[in-house]
Every structure is written in structure tokens, then in C-alpha cells.
Amino acid sequence: MAQMVLIMGESGTGKSTSMRNCDPVTTAVVNPVGKPLPFKGSGKFEMLNSETESRKICKFMKEQAAAGKKLIVVDDFQYILSVPYMNRIKENGWDKWNDFGANYFEIIEVCKELPQDVVVVYMTHTETLESGVTTIKLIGKLLREKITIEGLFTVVLRTGVNEGKYYFYTQNSGKDTVKSPLGMFPAYAIDNDLNYVVDKIRNFYEVGEYKTDAEMDQADAAVAADIEKPDSKGRRSRTGRKAKETAEQETETQENTTDDDGQEEKPKTRRTRKTKTDKTHDEVVAENAEKMADYQQKVFEKVQEVAGDAEEVPFVEYCKVADSVPKPELEEPPRRTRRERKAREAQGNTPVKPTEPTPEEEPKKETCTRRTRRTRS
């Protein structure tokens, strides 16, 4: 039986393009709609174009395997269903649905008649069910209810695009039907390179002419991406990548202590919290204020040096002098910790929003006296 792979994804997310590194000498392609492949040199592949009938497709796959092809790709697999459906859309009755399902299923079942060292890859579009799960795109309820198509495959990958780069996702996110054998792929996301996936499968199952573990380790490092796996609700971080530098990290320090008899006790491990800055919010604010005071003093001294004994300095000249004094680099105050907020509340010192002036800073409103005109009664 051939090795089977299912790759699903939305249109334009890199399914067909993933064949770009495959060897045309050992690769054959079933192209149900006959469209050109989206990369240069794709005309070198042996292709079966514009065919959706299972009998002819299965015959082509068997012939290509007998001719020495080791990789057979069925591109746009969903059109095996949708094209016959559109051709028979005006036909009534249930027979046509049975024909669609049987035709689709036979193209999968033919893998049982192919050699073990042949890899067959089915590429198909996706749809999201009412439950929120993303799965392969089908027509009607026959295949969905009677057969779980992904259950026929051991390797199910999904395409994705992140920051302009194209990937294969190798693990289930909780909201799709992606799966792969434990330890087969090095990361949750890998480059969309079908040639690498085929090499990995042959190496993992040790079928045909496969690469060594050392060779695959180098290939793993080249294709692995640092995209985070979504949480149970299918959400990723804003950038979609693992943070290389975290704002906070825990470190462990050991302290040597002695007991009452002076004997050294077992070192204790103390967890400390390390942040981008070891200063508190109030300490940073105080340092910024001190820097600004020093800056104002330097400006004043510079103005005195330029103006000499003059009692007044023109505004434009003052600005030029002030601009010549380097401005201090102020730090952005970190957010107050829960402990700091509670301490301020205990002191009755509730923080005031920076955008709102304090009562002392708020300008006093000028009072106006309303004058009224007296009239004769």
C-alpha cells in the first residue's frame, strides 16, 4: 500500500506551489481542472489534465507507479466532486450523489494497489463547519456522515500564511483536523515544501530510498518555523511567532544558609522575577524628573553664558540655545505591580491619570461679573 498524505487549505495558501522542489522525473500530477501549476518549470511534470472520472484517474496512477514514479499528486481533489456535480446539477434523484461519493472514494482506495515506496498526496480546499472545526471541503452529506475522510489518512497537513510566508501546520490546533505521527515533524509549522514532507515520510517509515537521520536533522532545521501553536480556542499571539525576548522571566537563585548550630543547610532555591527594568514605576518617574531638572539647569547656564549681562533674551535666540543642549533620554515607566498599587491605596495616594491635571495644576477659572442695565419703572 502506498503512503498517503492529505493537504488541505484555502485557495492561494500554497498547496500547489509546494510542489516547486519536487523532481519531475519521479513525480506525476493529476490535475482535474487542467489549470497551469503556479511556478516556473511545472510543464516538466507528467500530468493527467481535465479528468474527474475515477476509472481513468486510477488507471493513470497505476501506470505512473509502474513506470517508476515515486510521488503522485492529486491536485484540487475537491473538484473530483464539484465538477461532476455541476455537470449533473439539473438531474434529480439520489443516484447522482451515490455516484459522486463512489467516484471520490475509489481514487483514495486505489492506494492499496500501489507499491509501498510510492507517496500519494491529495490536495484539497477547506470549509468550516457550524461547530467551528475546519475540515476538507465536500459536497452533500454522504461522505461527511458515512465516512470521515481524514480518518483514512495518517498524515493530514494544513496550509497557512503568516507575515507573507507560507507554511504547513503539522499538529491539531483544536479547531481543525490536522494530524501527524508523534515525532515526525520538528515543529508545529514548517515551510510548505512538499519534497521535504515526502522525504520525511520515507525516512520515518523507512520505505524506498530514504535519507539518513543526520540528513533529515539538517533539513528539519532548515524548514522549522517558530510560529506558536494556537490555544484551545484557536487563538495565536498577535505576531503569530514565539517571543524571543519576554518581558518577564523567572530565574532561580540558590542561597546557602546555616542552621542554629552553625551547620550549612541544603541550598534553598528562591524564585525571583526579572523584568525588562528592575526599577519601579515611581523610581522611573523620579529619575525622569531629575533628568529634566538637570536639563533645565544646563539650558539656564547656557543662556546665561550667551546672554551675559543682558536682562532680556529674544525668544528665537533662547530656542536656539535650548536646542543646542542635548535632551535627556527618558525611560518609559513600567506598569505598577499589584503590590505597588495596593501600597499606594493604603497610603491614600490614588494615582492620577497622566492626561488629567491634578487639582494643584488645574488653571483657575477667571470670575466674570455680569453687569445689568437698570431701567426706569
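Eleven is the number of salt bridges held by the structure, given here as 11, and the model in which they occur is predicted. One of them pairs Lys 62 with Glu 113, whose closest N and O atoms are 2.7 Å apart. Because Lys 62 belongs to helix α1 (residues 54-66) and Glu 113 to the loop between α3 (95-109) and β5 (119-124), this pair ties together parts that are 51 residues apart in sequence. Lys 62 is partly exposed, its relative accessible area being 35%, while Glu 113 counts as exposed at 54%.

A salt bridge also forms between Asp 117 and Lys 70, again with a distance of 2.7 Å between the closest N and O atoms. Asp 117 is situated in the loop between α3 and β5 and Lys 70 in the loop between α1 and β4 (71-74), so parts 47 residues apart in sequence are tied together. Both residues are partly exposed, with relative accessibilities of 22% for Asp 117 and 30% for Lys 70.

Arg 88 and Glu 91 form a further salt bridge, in which the closest N and O atoms are 2.9 Å apart. Together with Asp 99, these residues are linked in a network of salt bridges. Arg 88 is partly exposed at 23%, as is Glu 91 at 34%.

On the surface, a patch of positive charge gathers Arg 335, Arg 338, Arg 341 and Lys 342. Arg 341 is placed in helix α9 (residues 338-346) and is partly exposed, with a relative accessible area of 37%.

Ser 16, by contrast, is buried, because its relative accessible area of 10% falls under 20%. Ser 16 lies in the loop between β1 (3-8) and β2 (27-31), and its side chain makes a polar contact of 2.8 Å with that of Asp 75.

Notes. Residues numbered from 1 in each chain as written. Predicted model: local features only at pLDDT ≥ 70, side-chain atom pairs only at ≥ 80, totals over all residues. Heavy atoms only, no water. Patch = residues over 30% accessible without salt bridge, like charges linked within 9 Å, V, L, I, M, F, W, Y side chains within 5 Å. Areas by Shrake-Rupley, 256 points an atom, 1.4 Å probe, with all protein chains shown as cover. Salt bridge = Lys/Arg side-chain N within 4 Å of Asp/Glu carboxyl O. Lys, Arg positive; Asp, Glu negative; His and termini not counted. Charge placed at Lys NZ, Arg CZ, Asp CG, Glu CD. Helix = DSSP H or I, 4+ residues; strand = E, 2+ residues; numbered from the N terminus. Buried < 20%, exposed > 50% of the residue type's maximum accessible area, 1.4 Å probe, protein only. Polar contact = N/O pair within 3.5 Å; in protein donor to acceptor, adjacent residues only side chain to side chain.
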